Amino acid sequence: AAGVCLKLCGAWGVAVAVPTIASLALLTPGAKDAASAAATVVAIALSLAGVTAFAVAWHRAILRAEAPAILPRFKRREWRFLGYSLLISLILFAAALVAGMAAGIVSAAAVAAMGKVGAAVFAAALVVMIVAGAYTARLALALPAIAVDEPGPPLGRAWERGKGNGTRLFFG
């Protein structure tokens, strides 16, 4: 597994290391902020590309027994995987944000007004956030399907595949 992992991420590690080291070196006193910011943006972009390419290659190695390529790959499949990863992350973030804001508003008012009841409301809000997370975590099953090029809309299929396993997926 170590050899496969090295083949999957070795070149990306080098591609990410160079701008990361440059951005750290440019953070010294008297350094140019623009150069450091540019190196940091490049390092973040390459890291995101590397993580995405690694995830796609890992899924393909596990699910299709496909041998990993030595050279980094970032083509249509990886762009699609990245797009859906960001979409699913935004959905999870939005669900957590809405539940968290509701919990904060209700519990702050309840704590001020009722003390211990407010703590119970806050605990209930945490349960609501976990339940919302469990439902939206089912969407993450779309990512392996995208990695192995399954045809059709991946989110609907992922929703069906995750039926009954949302909590396990959330905590996993």
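This is a predicted model: local features need pLDDT of at least 70, side-chain atom pairs count only at pLDDT 80 or more; totals for chains, interfaces and linings use all residues.
Asp149 is partly exposed, with a relative accessible area of 36%.

**Asp149 and Arg77**

The side chain of Asp149 forms a salt bridge with that of Arg77, at a nitrogen-to-oxygen distance of 2.8 Å. This pair ties together distant parts of the chain: Arg77 belongs to helix H3, while Asp149 sits in the loop between helix H5 (142-147) and helix H6 (154-161), and 72 residues separate them. Arg77 has a relative accessibility of 14%. Buried means under 20%, so Arg77 counts as buried.

**Other salt bridges**

The whole structure holds 5 salt bridges. Three of them, including the one already described, are set out here.

| Salt bridge | N to O distance |
|---|---|
| Arg77 and Asp149 | 2.8 Å |
| Arg60 and Glu66 | 2.8 Å |
| Arg157 and Glu150 | 2.9 Å |

In the bridge between Arg60 and Glu66, Arg60 is buried, at a relative accessible area of 8%.

Through salt bridges that share partners, Arg60, Glu66, Arg77 and Asp149 are joined into one network.

**Glu78**

Is Glu78 buried or exposed? Its relative accessibility is 2%, so Glu78 counts as buried. Glu78 is a residue of helix H3, which runs over residues 76-114; Arg77 is in helix H3 too.

What lies 2.9 Å from a polar atom of the Glu78 side chain? It is the backbone nitrogen of Lys75. Leaving aside residues up to four places away in sequence, Glu78 is in contact with Thr52, Ala53, Val56 and Arg73.

**Summary**

Helix H3 contains Glu78 and also Arg77. Glu78 is buried at 2% relative accessibility, and a polar atom of its side chain lies 2.9 Å from the backbone nitrogen of Lys75.

Note on methods: Residues are numbered from 1 along each chain as its sequence is written. Side-chain values use heavy atoms; hydrogens and water are left out. Helices (H or I, at least four residues) and strands (E, at least two) are DSSP runs, numbered from the N terminus. Buried means under 20% relative accessible area, exposed over 50%, partly exposed in between (1.4 Å probe, protein chains only). A polar contact is a pair of N or O atoms within 3.5 Å; within protein, one must be able to donate a hydrogen and the other to accept it, and residues adjacent in sequence count only if both atoms are side-chain atoms. Contact means heavy atoms within 4.5 Å. A salt bridge is a side-chain nitrogen of Lys or Arg within 4 Å of a carboxyl oxygen of Asp or Glu.
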